[in-house]
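Hello,

Here is the structure I promised to pass on. My notes on it follow below.

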Amino acid sequence: MKNLKIIIPLVCFLAFCSLFFIKSIDDISEHVTLTYLTTGNIPQNNATEEILKELNKVLTRKANAELKIRYVPWDQYIKTYNSIIEAKDGSVDLVCTATDWLDAWPNAQKGLYLPLSRNMIKRNAPMTFATIPQEHWDLCKLDNKIYFIPEDNYAQWINHGFMYRKDWAKEAGLIFGIHSWGDLTQYFEHIRKNRPNVIPWDVKGLSTDYTAIGYIVSKSDYIPLEGISTTHMFGVNKQKFNRIYSPIIEGNEFIEYAKLMRYWASIGVWRENFSETKNTDNRKEFYQGKTAVDQHHTQTWYTIVCPRMTKMQSGSNCSFFWFGEERKNLTRTSITHGAMAISAASKNPERALKVYDLLRNDPECYYLINYGIKGKQYIINKEGYREHPVGYDANKDSFDLNFWWGRNDNLEIRDSESSWDKYDQITELYNEYAIDSPYTNLVWDLTNISDEVKKLNSLWNEYMPLICFGKADDPEFYVQRFRNELKQAGIETVLNELQMQLNSFNAKK
């Protein structure tokens, strides 16, 4: 009895404290402003602000919160993005991230994202929690802690390739279109010879991120792995999943690519002084019939470029040659290609989760952040497609809220302009050949090799512009020189470390 007199009050006190704690978590009586960090250039008109104002009315009503947007411009976006979240100064709350292009794992390892318990997510983002299966949460874990929320209910294909004109391809004798790098070269040769006023590919600057690896995956069974380097120079072979290698230092594909780029430069596929030309806009010129290709990914092709080409270049039949097509080598987009994290320095992490839950799942919020204001940015036509209303002016009415971290196929409305027939046709093909990335949930620890990785990335930035655009007089010699420097910088040390981590991961499976 004496013990009960002590225990009962203690239990009551603890229960009271527990209720107070729960109330403090769920309490939204105080209005808060959250900052959402996203990639993209700052909008130049007022439409985004108008939409955000309407969105904030809804968020205030449903979560007593409002949203500010902080943009990371595309120019040197990785450096800018990392510097913002590394500051840990409480200036951002919701943080866009990705395991393949936005350093999600390295930043989680640095403690820049808040670890999210299942209970915290379930309480504050119940709609999201209920729709994400356990195996998807597992892909977002480091040391058994969840660090971000995957965009796992949105079908997308962001594999890169070349958009081209099928009417011009037929002129070049490519009746069935372009399906190899040899076909692409034949197409460029034809353009160069028969359309002197057209620059086959009017590249701007020294972008080298995609074509080199695109060529290699087209000519081999190479699968680049995420989370090591944005250069994608490390990966495995589809036939040998257990061996890490770099096609940049072994095999002939990279040498053959360098030779081809030298040939393209010699026939004038791009301007000789392209790197000094600041004002070229290849896509705009593609619409105008002044260039023959545009290089980007599948989703850009069927949603933006193909519809515009149909209007501006009637009969062009804009088509897509995808990297890997020759060997049917294609890896599905990871569900963490787009993901949302909470900054470790956020002052309102629970409210940030509540707002994310609404942005991802609440129709009113979802349509505002993704489609804009109904009647101004979009209407729904008789067929159920989304389209711009009469009087829509892109210069005044287009917007950029860039919510690429929680899109939801349950709420998506197909737009009337995208080339859905082409999309359905090519995705049927993709689904036949595509495989899942074999090591999506392998979190690489770069601690012991970070210096070497930095040196390798620096060498990549030094050598690749010359290789990718045919500026090296002797491509084979230049590639060998590049390989020698990569070895001196420690690429074999990196490969050995990665191989040990891969072996350990496989042993635990």
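**What was found**

Of the 509 residues in the protein, 53% are buried (under 20% relative accessible area, 1.4 Å probe, protein chains only). This is a predicted model: local features need pLDDT of at least 70, side-chain atom pairs count only at pLDDT 80 or more, and totals for chains, interfaces and linings use all residues. Numbering runs from 1 along each chain as its sequence is written, and side-chain values use heavy atoms, without hydrogens and water.

The fold has 20 helices and 15 strands (DSSP runs: H or I of at least four residues, E of at least two, numbered from the N terminus). The C-alpha trace spans about 100 × 60 × 40 Å along its principal axes. Take contacts (heavy atoms within 4.5 Å) between residues at least 6 apart in sequence: 76% join residues at least 24 apart.

The largest nonpolar core has 71 residues (a core is a set of buried Ala, Val, Leu, Ile, Met, Phe, Trp, Tyr and Cys joined through side-chain atoms within 4.5 Å). Trp181, Leu184, Tyr187, Trp201, Trp264 and Ile467 have the most contacts inside it. Helix α18 (residues 450-468) gives this core its largest share, eight residues. Neighbours within four places in sequence aside, Trp264 touches Trp181, Leu184, Thr185, Phe188, Trp201, Val269 and Trp270. A second, separate core holds 62 residues, among them Leu59, Leu67, Leu359 and Phe403.

Best wishes

Note on methods. Buried < 20%, exposed > 50% of the residue type's maximum accessible area, 1.4 Å probe, protein only.
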